[in-house]
Amino acid sequence: MERYDLLYRLYEEFDAASVRESQDFIDLLPPLDSTVALSHWQAVDDELSEMKDRLRREFPDGDRYAELAAHATRDEAFTALDLYTKYGRAVNALVLDVDETLRSAGRTDNEIPREVLHLLTELYELDVPIIICTGQTLENVKGFMIQGMGNTLVHSGNFSIVYEAGTGVFTPGHGSDTKRLLYETLDETVQSVFEGVRGQVIRELPESLRGCVHLQGNEFNVTLKPNFETGSDEAERVIDESILFMLDLLGGVVTDDPEGANWARAYYAASDSEIADVLDAQGAESASVDDIPDDVRATFERITVAYYHADAAELSAVALNKAAGVEAALDVLGIDDPFILMMGDSKSDRKVMEWAAEGKRGISAAPEHSSETVLEHVRSTDELVFDRGDAASILRTVYALNLLTD
């Protein structure tokens, strides 16, 4: 109970909020060519040093509690202590989805907030590796992460990118392991299906979708994205049509039988209620699942068709998912006993969350607008649900957890 008592004292007897506000000002003030601004910055820095010195004198292990006050709110600090009591471990890797997790089209203008980037850098400087885990292409992720965090950090050897939802892993600074193409481990049957779909997807695009969607520049996965703002009514319409088109195209590639498209519709509607709802809304006919031949079903079982509402229609391999990608990234980084923070909002992120929970390999957090299946998992574990655009709150909690665990 001693640490709980010390936290109560820190946040009840001292103005910890002022310490954190001053620290945020010092850390996040953008560079300014102004003597007045610099003078104010120096005055705040001096005041912050005095407040921290007082905390160092008042508390045993004072550095720890001075940094707790500077980085975490009362609620975040107590959440961190609850996590420490439950797990007794520090987080030793960050696994982070990007879109609608680190950044939000609705709240952060689709930019990773300055505070989030700063906290990531601080955790990195405490020897916590960063794994960006996304469905985006490698080149796209590399670009905005170098822009946000700097070329040195991204190429430090302690930073990894799981891209295209687990089809590849890029970890600069690790020689022959720098880039692992996980899709090359798939057998010829599955690879040939992807080659067939990719070769036809634009050529066979129906007239109603031409000019409305584009093929994302993936190395392996086949992803149709809307040429409209994600989440808009127009994006919803074209992605709903795209999922039907993708199913029909897949069925035709897997089998020459005229019923191939109907078998694909039936199989994936039975596997995913969201796909079933989309097909029902479009009045799409399908066959009975029981009519699907065993060899066709066996191929479908190895291929994922993913529907992301008003965002994407995607073909990927079952064997290649974000969890498999994270395992590969951890292996390259040399983390043999992981205890990760997984932050994400989609069904593909839940696979990593489940992997972490099943092996007591970490904790999971999700924004409040996540898919219901993700929120269900997060609420049933540690209830780390955060407001849209406020990934910083979870990073501050993890910073506090690691301070308490040292």
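Predicted model: local features only at pLDDT ≥ 70, side-chain atom pairs only at ≥ 80, totals over all residues.
Visitor: How many aromatic pairs does the structure hold?
Guide: A pair of aromatic rings is described by the distance of the centres and the angle of the planes. Rings count as paired if their centres lie within 6.5 Å. The number of aromatic pairs in the structure is 10.

Visitor: Is the pair of Phe14 and Phe59 stacked, edge-to-face or tilted?
Guide: The ring centres of Phe14 and Phe59 are 5.4 Å apart, and their planes stand at 50 degrees. Planes under 30 degrees apart count as stacked and those over 60 as edge-to-face. The angle of 50 degrees therefore makes the pair tilted.

Visitor: How many residues apart in sequence are the parts that Phe14 and Phe59 tie together?
Guide: Phe14 belongs to the loop between α1 (2-13) and α2 (16-28), whereas Phe59 belongs to the loop between α3 (35-58) and α4 (62-71). Phe14 is buried, with a relative accessible area of 10%, and Phe59 is buried at 4% relative accessibility. The pair therefore ties together parts whose separation in sequence, in residues, is 45.

Visitor: Which helices hold Tyr267 and Phe300?
Guide: Tyr267 and Phe300 form a tilted aromatic pair, 5.5 Å centre to centre, with 35 degrees between the planes. Tyr267 and Phe300 are both buried. The pair ties together parts 33 residues apart in sequence, because the two residues lie in helix α11 (residues 260-271) and helix α13 (residues 294-300) respectively.

Visitor: Which ring has the charged end of Arg9 over it?
Guide: A charge sits over a ring if, for Arg, CZ is within 6 Å of the ring centre and within 35 degrees of the ring normal. The charged end of Arg9 is 4.8 Å from the centre of the ring in question, that of Phe59.

Visitor: Are α9 and α10 roughly parallel, roughly antiparallel, roughly perpendicular or oblique to each other?
Guide: Helix α9 (residues 188-201) and helix α10 (residues 233-254) pack with their axes 9 Å apart, at an angle of about 125 degrees. Roughly perpendicular covers 65 to 115 degrees, and roughly antiparallel requires over 145. The two helices α9 and α10 are therefore oblique.

Visitor: Which residues of α10 make the contact with α9?
Guide: The crossing in which α9 passes α10 is right-handed. From α9, the contact involves Val193, Gly196, Val197, Gln200 and Val201. The residues of α10 are Phe245, Met246, Leu249, Leu250, Val253 and Val254.

Visitor: Where does Ala310 lie?
Guide: Ala310 has a positive phi of about 55 degrees, although it is not a glycine. At 0% relative accessibility, Ala310 counts as buried. Its place is the loop between β8 (303-308) and β9 (312-317).

Visitor: With which residues is Ser316 in contact, leaving aside its neighbours within four places in sequence?
Guide: Ser316 is part of strand β9. With a relative accessibility of 9%, Ser316 counts as buried. Beyond those neighbours within four places, its contacts are Phe194, Asn221, Ile303 and Thr304.

Visitor: How far apart in space are Val238 and Ala313, C-alpha to C-alpha?
Guide: Val238 lies in helix α10 and counts as buried at 0% relative accessibility. Not counting residues up to four places away in sequence, Val238 touches Leu209, Cys212, Val213, Pro226 and Phe228. Val238 and Ala313 are 75 residues apart in sequence, and their C-alpha to C-alpha distance is 9.5 Å.

How values were computed:
Residues numbered from 1 in each chain as written. Heavy atoms only, no water. Phe/Tyr/Trp six-rings, centres within 6.5 Å; stacked < 30°, edge-to-face > 60°. Helix = DSSP H or I, 4+ residues; strand = E, 2+ residues; numbered from the N terminus. Buried < 20%, exposed > 50% of the residue type's maximum accessible area, 1.4 Å probe, protein only. Axes fitted to C-alpha atoms, helices over the stretch in contact; angles between N-to-C directions. Parallel < 35°, antiparallel > 145°, perpendicular 65-115°, else oblique. Left-handed = near helix turned anticlockwise from the far one by under 90°. Contact = heavy atoms within 4.5 Å.
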